[in-house]
Amino acid sequence: MKFLSANGSSVVSDAIISVFLVLLAVGCIIGSIVLLCRFSESESKAKHTSAKMAVILSAGFVLRLIFSLCIRGYRGDYTVFSAMFSAIETKGVAGYYGGDASAVLYPVVFLVYLPFAALSNVAGLSFYGLGMQFMIKLPLMIADLLAAFAVYKIADRYFNKNIALILCAFVCVCPIFFVGSSIWCTPITFTVMFLCFSCYFLARKNYALTVAFATAAAFSGKEGIYIFPVVCVFSCYHFVRAVINISRGKAADGVAAVDRRAAVTVPVGFIASLIGAYLIGLIMIKTYDPNPFDYIYEFVIAPLTEWKFFTFDGLSIYAVFGRNGSIPGARFPAWLFVIIFFAILTAVVCIVYFTKRNRATMVMLAAFSLLTMQVYYPGTSAPSMQSTLLILLAAYALVRDKRILTVLFAVGLAYLVNCITVMANAGQLNNLNEYDIETAAGGIEAVTVVCSVIAVLAHLYFTAVTVSVGMTGQKRMLGKTDGFGASIKEYFSVKKG
């Protein structure tokens, strides 16, 4: 692999790498189906869990490391990281932010990279060398593995330990989940990690940490804000219900303890997150005045209304209708999209959740919200879809409906094919220096359109699944089977649970 990437950009090397990644992803999907069917109803305890976890995480790290050192990444996103390293050396911490949020790392990601940038500068690593490339990719790889661990924790608590290990291994080995960190090099990897932990604490009714991690996600990438309607509905609903129960004295002792915790931790979570976000903003004091709302607007609200394209090689409805790379007109009502989408997502979340379904359904609604925004909201890019995939897997671990896996597999494969096609077409599926690359303009239109059609159809299917599970409680779960043929047959069966 190193030989191929070091050899430069060629059709043969691009094809070999692309085919290998797709075949590995398909193999991981098939293997996960077989293992999930085998252990879906298993009550036996997993043995040597710690050792297995160590092996799984190590395998995930090694696989990511190989691709990280062989493929520099999509140069536009990679340059944002390397420019941050250079800015810290020449301007210092306070001089990094220059007022353009789209050209810099988000605040939380910036804080994570500070020690890596300092170490790289002290060591005198070359701008074009593998040393700096490793320093840039290492935090992304760690964030990837932390996200896999979050999925493990969710499945371990709400499914069983065997399934938790399988899902963790699936995240660690399948290219669908590491193309963003090790191949593309996108900061969305951090957003995904924070979203996974937010969903974990949401499922556990830990309101303060749910809000805290959702806030960290919002200040690590523009995709992080998409989950806020779910978090707000979940937290505020329990806060209001807790206050009412306490004031009326209707709660039993055990319930009262839960209500008192909600009555305190929900407002504490929101206030503490706001304060924490503002304190992080003090780093950018030369750019933003002490008014925290200016800072919050610049990184959280403005990206929702100030996109440059309908979509740029992303999986969205706009790519299907030939709007890939198209700039919205001057009169395009960006603010109207913000209001409509937040209203629709909040309404769907409220309707489903207030039907008294369990809180696990909320994670499924979080995945639905993210997928909806990625498919229909303007301003998406090729790696944007990564924010949805792990949340879909977490939703499966909680809801256990195999139809969620179908959505994940379809969108994940479309995402993988689209990303590697974009990089290959741009001559960037290699380890060449920036000055050796003649960057192509965008991906291959036919591939992006086909992948976008798959994503749109998957969203429509997921909408039906969300209504089915949320409103009627009907699920299609994997039954226990052994062997390849029986497992595939079980996966495609239509029996209802």
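This report describes selected helices, charged pairs, cysteines and individual residues of the structure shown above. The model is a predicted one.

**Two crossing helices**

Helix α2 spans residues 11-39 and helix α20 spans residues 484-492; their axes come within 9 Å and cross at roughly 90 degrees. The two helices are therefore roughly perpendicular to each other, because angles of 65 to 115 degrees are counted in that class. On the side of α2, the contact is made by I30, I33, V34 and C37. On the side of α20, F484, S487, I488, E490 and Y491 take part. By residue class, the contact of α2 with α20 comprises seven nonpolar residues, one polar residue and one charged residue.

**Salt bridges**

Side chains of opposite charge can pair when their charged atoms come close. In this model, the count of salt bridges comes to three.

| Pair | N to O distance | Accessibility |
|---|---|---|
| R64 and D144 | 3.0 Å | R64 buried, D144 buried |
| K161 and D156 | 3.0 Å | K161 partly exposed, 29%; D156 partly exposed, 25% |
| D401 and R403 | 2.7 Å | D401 buried, R403 buried |

K161 and D156 have another setting. K161 has a relative accessible area of 29% and is partly exposed, and D156, at 25%, is also counted as partly exposed. In the remaining pair, the side chains of D401 and R403 meet in a salt bridge, and both of these residues are buried.

**Cysteines**

A disulfide is a covalent bond between the sulfur atoms of two cysteines. A search of the whole structure finds zero disulfides. C232, for example, is in no disulfide, and the nearest cysteine sulfur, that of C236, is 5.5 Å away. The cut-off for a disulfide is a pair of sulfur atoms within 2.5 Å. C232 is partly exposed, with a relative accessible area of 27%.

C451 is buried, and its relative accessible area is 5%.

**Two individual residues**

S82 is located in helix α4, which covers residues 75-90. The relative accessible area of S82 is 0%, so this residue is buried, given that buried means under 20%. Leaving aside residues up to four places away in sequence, S82 touches F127, M132 and I136.

K222, by comparison, is placed in a loop, the one between α10 (207-218) and α11 (228-248). At 24% relative accessibility, K222 counts as partly exposed. Not counting residues up to four places away in sequence, K222 touches Y106, P303 and G379. K222 and Y106 are 116 residues apart in sequence, and their C-alpha atoms are 8.6 Å apart in space.

How values were computed:
Residues are numbered from 1 along each chain as its sequence is written. This is a predicted model: local features need pLDDT of at least 70, side-chain atom pairs count only at pLDDT 80 or more; totals for chains, interfaces and linings use all residues. Side-chain values use heavy atoms; hydrogens and water are left out. Helices (H or I, at least four residues) and strands (E, at least two) are DSSP runs, numbered from the N terminus. Buried means under 20% relative accessible area, exposed over 50%, partly exposed in between (1.4 Å probe, protein chains only). Contact means heavy atoms within 4.5 Å. Axes are lines fitted to C-alpha atoms, for helices over the stretch in contact, and angles run from 0 to 180 degrees between N-to-C directions. Angles under 35 degrees count as roughly parallel, over 145 as roughly antiparallel, 65 to 115 as roughly perpendicular and the rest as oblique. Ala, Val, Leu, Ile, Met, Phe, Trp, Tyr, Cys and Pro count as nonpolar, Asp, Glu, Lys and Arg as charged, and the others, Gly among them, as polar. A salt bridge is a side-chain nitrogen of Lys or Arg within 4 Å of a carboxyl oxygen of Asp or Glu.
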